[in-house]
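Please look over the sequence and the 3D view below. A short report follows them.

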Amino acid sequence: MTLVQKINKLKKEKNAVIVAHTYQPIEIQKIADIVGDSFQLSKFCAANDYDTIIFCGVMFMAESAKILSPDKKVILPEIDAGCPMADMVDTAGLKRLKKENPEAAVVCYINSSAAVKAESDICCTSSNAVDIVMSIDNDKIIFVPDRNLGAYVASQIPEKEFTLWDGYCPVHDELRRESVEKLKREHPAAKIAAHPECRGDILAVSDFIGSTKAILEYVTTSKEKEFIIATEIGVIDRLSLIAPGKTTYLAQVDMICADMKKIDMEKLFISLNEEKYIIELDKDIMDRARGCLERMVAAV
Ligand code: CIZ
Ligand code: SF4
């Protein structure tokens with residue numbers, strides 16, 4: 001039996017489902033039952049009848065799935081698959097910031113730990129961040145942990161006052177405008193699609209700004225043929241599967257998330273076979289973090 005056949009057999013036997021983030025390696029995207037962004041995947045996990053969820057992504061995503069479906073077994077095939085940006089904010093620092101800004105509402109990007117979500121008023125994703133902040137009555141906003149997404153949201157809502165946590169995604173933050181401009185000179189017809197985790201000077205020269213889901217929709221529905229993609233390489237892999245007629249260029253060769261690439265077919269098989277690593281969270285943290293996620297769902 002091939003590895004793919006073994007994985008599919010075990011999946012059936014255990015009534016398990018494989019979900020994968022768009023930044024996952026292409027072979028994982030191909031075997032997954034559903035591919036999407038962290039929020040789409042969490043919602044899917046909460047609303048199905050599978051007993052076990054194999055979450056191919058990083059820790060904060062598997063945690064969000066567990067928070068929204070606490071009665072299911074949620075498994076992350078690689079326990080060390082973290083998110084450097086999520087790890088840049090800690091609850092002690094956030095509590096300090098809340099004390100200093102008592103009238104501010106705390107908005108946390110979904111790329112954060114369950115503990116940080118438990119300390120926040122409302123969660124957001126890159127698809128809904130502007131709408132979420134608009135839905136809040138407070139004039140003052142503490143935004144954690146992504147300073148780039150926070151600055152982008154602040155630029156769209158000038159009437160509110162923002163305190164931004166100084167976190168960032170290394171994959172997006174290290175993209176330089178020169179790389180994008182060089183590609184644009186080489187491919188003048190290409191449209192530039194950027195994720196809001198990129199720096200403001202990249203967003204300023206982009207034709208489209210959006211989450212992975214929004215970028216996929218933009219490219220697949222556009223009449224244009226060529227695109228410079230300013231986000232993680234997995235989106236290019238995804239587009240090669242769902243929109244093979246489009247030509248895409250990765251904005252910079254190193255836009256590869258090492259954590260997202262920690263899961264491979266062998267680890268996926270082991271995770272199903274040995275049921276590891278099962279996500280367990282403190283009940284109190286889980287309940288408070290669920291409030292943060294549910295307020296997001298209710299707001300948009
Ligand atoms: O929310 C997600 O899945 C991430 C990390 C990015 C995006 O834009 O989809
Ligand atoms: Fe975290 Fe960036 Fe990797 Fe996404 S691409 S998981 S934000 S480090």
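This is a predicted model: local features need pLDDT of at least 70, side-chain atom pairs count only at pLDDT 80 or more; totals for chains, interfaces and linings use all residues.

**The ligand site**

Start with ligand 2. The space that ligand 2 takes up is the largest pocket. Which residues surround ligand 2? They are Tyr-23, Cys-83, Pro-84, Met-85, Asn-111, Cys-169, Glu-197 and Cys-257. Sorted by class, this shell holds six nonpolar residues, one polar residue and one charged residue. Asn counts as polar and Glu as charged, and the shell includes Asn-111 and Glu-197.

**Two helix pairs**

Two packed helices are described by the angle between their axes and the distance between the axes. The table sets out two such pairs.

| Helix pair | Angle between axes | Axis distance | Crossing |
|---|---|---|---|
| Helix 1 and helix 14 | about 25° | 10 Å | left-handed |
| Helix 12 and helix 13 | roughly 40° | within 11 Å | right-handed |

Take helix 1 and helix 14. Their axes lie 10 Å apart, and the packing angle is about 25°. Helix 1 is therefore roughly parallel to helix 14, as angles under 35 degrees count as roughly parallel. Helix 1 passes helix 14 in a left-handed crossing.

Now the other pair. Helix 12 spans residues 212–221, and helix 13 spans residues 234–242. Their axes cross at roughly 40° and come within 11 Å. Helix 12 is therefore oblique to helix 13. The crossing of helix 12 past helix 13 is right-handed.

**Backbone spots in loops**

Where do the cis peptide bonds described here sit? One joins Val-144 and Pro-145, with omega about -15°. Pro-145 belongs to the loop between strand 7 (140–144) and helix 8 (147–156).

Another cis peptide bond joins Lys-276 and Tyr-277. Here omega is about 10°. Tyr-277 is in the loop between helix 14 (265–274) and helix 15 (283–299).

Asn-15 has a phi near 50°. That is a positive value in a residue other than glycine. Asn-15 lies in the loop that runs between helix 1 (3–13) and strand 1 (16–21).

Conventions: Residues are numbered from 1 along each chain as its sequence is written. Chains are lettered from A and ligands numbered from 1 in the order in which they are written. Side-chain values use heavy atoms; hydrogens and water are left out. A residue is near a molecule or strand if one of its heavy atoms lies within 4 Å of it. On a 1 Å grid over the protein atoms alone, a cavity is a set of points where a 1.4 Å probe fits but cannot get out, and a pocket is an open set with protein on both sides within 12 Å along at least five of seven lines; lining residues have an atom within 4 Å of a point. A molecule sits in a cavity or pocket if more than half of its atoms lie within 2 Å of its grid points. Axes are lines fitted to C-alpha atoms, for helices over the stretch in contact, and angles run from 0 to 180 degrees between N-to-C directions. Helices (H or I, at least four residues) and strands (E, at least two) are DSSP runs, numbered from the N terminus. Angles under 35 degrees count as roughly parallel, over 145 as roughly antiparallel, 65 to 115 as roughly perpendicular and the rest as oblique. A crossing is left-handed if the near helix is turned anticlockwise from the far one by less than a right angle, and right-handed if clockwise.
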